Amino acid sequence: MKEIDLRQLKKIEAELLNEVDKICAKENFRYSMGGGTLLGAVRHKGFIPWDDDIDIMMPRPDYDAFISYCLSNETPFKLRCWETDKTFVDFSAKLYNPQTVLEDENVFGGSSLGVSIDIFPIDGLGDTYKKAKKAFNSTRFKRNLLIAAQWKKFFKSKTHSWYYEPFRFAFFILSRLVNKKRLFDKIQKKYKKIDFNGANFVAAVGGAYREKEILPKEVFTDYIDLPFEEYSFKAITAYDTYLSSIYGDYMKLPPEEKRVSHHTFKAYYSEE
């Protein structure tokens with residue numbers, strides 16, 4: 001199989017997001033670029049140069065509607081999420097290009113996907129920040145177990161500091177003992193019970209930035225268009241509030257040693 005280089009990988013991912021954008025525009029679903037993708041759009045007008053993935057986020061009502069749409073309509077991409085595969089215990093859905101394949105020796109099911117983008121639901125958490133933080137942290141230990149449960153073997157993180165490795169290893173050992181499907185279903189049902197529209201504080205519970213993800217719902221109610229590579233995609237109007245919460249001085253470049261991708265996979269064009 002022909003390996004996909006970084007330039008081709010980014011092109012495929014941007015094309016996937018463009019297809020999502022078309023559906024959301026047609027069906028009036030809200031979405032925004034998120035995490036490093038939104039940072040890249042604001043700071044670089046595209047990908048962060050050393051990054052190689054795309055993350056988007058949707059308010060829970062729009063996320064559920066988008067998943068339902070994909071399950072009942074023909075799309076140019078494939079969808080993998082809890083609704084399509086009960087062994088997929090990830091709090092983001094993955095949309096992937098079926099003409100590509102991934103090989104990841106560290107993650108279960110890595111070879112069953114192609115080049116993909118992640119969609120994170122934004123869930124309601126509570127009417128005060130204190131209640132929202134309590135709801136968020138009530139499943140933190142279990143979420144860390146689920147992350148580790150997806151690893152085939154223990155491997156060192158590319159982005160965490162060295163002193164975090166013993167904690168990652170402990171979660172890896174404990175994760176061998178859990179029922180992943182039961183645990184995931186229990187966590188997801190807990191957050192689905194909290195109405196997004198009725199909450200004052202919300203978060204992408206599966207996001208990588210923990211409590212920094214918890215923000216007023218108003219941050220996710222208005223959207224603008226921002227340039228991203230050759231396209232224009234949706235972003236929350238309050239992106240400064242969001243990016244400042246997660247990254248602090250987000251326009252400042254990180255030191256050279258921090259400019260690395262966290263992925264461990266290799267991507268190829270399918271031979272089919």
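Begin by selecting strand β5 (residues 100-103) together with strand β11 (residues 266-269), with which β5 pairs in the antiparallel sense over four bridges. Here two strands pair if DSSP finds at least two bridges between them, and helices (H or I, at least four residues) and strands (E, at least two) are DSSP runs, numbered from the N terminus. The structure is a predicted model, in which local features need pLDDT of at least 70 and side-chain atom pairs count only at pLDDT 80 or more, while totals for chains, interfaces and linings use all residues. Residues are numbered from 1 along each chain as its sequence is written, and side-chain values use heavy atoms, with hydrogens and water left out.

Buried means under 20% relative accessible area, exposed means over 50%, and partly exposed lies in between (1.4 Å probe, protein chains only). Valine 101 is partly exposed, with a relative accessible area of 21%. Tyrosine 268 in β11 stands opposite valine 101. A distance drawn from the C-alpha atom of valine 101 to that of glycine 248, 147 residues apart along the chain, gives 36 Å.

Next, select strand β9 (residues 223-228) and strand β10 (residues 231-236), which run antiparallel and are joined by six bridges. Proline 227 has serine 232 in β10 as its bridge partner. Two residues stand between the strands of this hairpin, and glutamate 229 takes a positive phi near 55° there.

Two further residues with positive phi can be selected in loops. Asparagine 28 is not a glycine, yet has a positive phi of about 60°; asparagine 28 is placed in the loop between α1 and β1 and counts as exposed at 65% relative accessibility. Lysine 45, also not a glycine, has a positive phi of about 60°. This lysine 45 lies in the loop between α2 and β2 (55-59) and is exposed, with a relative accessible area of 54%.

Now turn to the aromatic rings. A pair of aromatic rings is described by the distance of the centres and the angle of the planes. Rings of Phe, Tyr and Trp (its six-membered ring) pair if their centres lie within 6.5 Å; planes under 30 degrees apart count as stacked, over 60 as edge-to-face and the rest as tilted. A search of the whole structure finds 11 aromatic pairs. In one of them, phenylalanine 29 and tyrosine 69 have ring centres 6.5 Å apart and planes at 75°, so the pair is edge-to-face. Because phenylalanine 29 lies in the loop between α1 (6-27) and β1 (32-33) and tyrosine 69 in helix α3 (residues 60-72), the pair ties together parts that are 40 residues apart in sequence. Phenylalanine 29 counts as buried at 14% relative accessibility, and tyrosine 69 counts as buried at 13%.

Select tyrosine 129 and phenylalanine 201 next: their aromatic pair is edge-to-face, with 5.9 Å centre to centre and 75° between the planes. This pair links distant parts of the chain, 72 residues apart, with tyrosine 129 in helix α4 (residues 129-137) and phenylalanine 201 in strand β7 (residues 201-203). Tyrosine 129 is partly exposed, with a relative accessible area of 36%, whereas phenylalanine 201 is buried, at 18%.

A selection of Phe47, Phe228, Tyr231 and Phe233 shows a cluster linked by ring pairs. At phenylalanine 136, the charged end of arginine 143 sits over the ring, 4.3 Å from its centre; this term requires NZ of Lys or CZ of Arg within 6 Å of the ring centre and within 35 degrees of the ring normal.

Then select leucine 125 in strand β6 (residues 116-126). Leucine 125 counts as buried at 4% relative accessibility. The C-alpha atoms of leucine 125 and asparagine 200 are separated by 7.8 Å, although these residues are 75 residues apart along the chain.

Finish with helix α2 (residues 35-44) and helix α8 (residues 239-247), whose axes come within 11 Å and cross at roughly 120°. Axes are lines fitted to C-alpha atoms, for helices over the stretch in contact, and angles run from 0 to 180 degrees between N-to-C directions.
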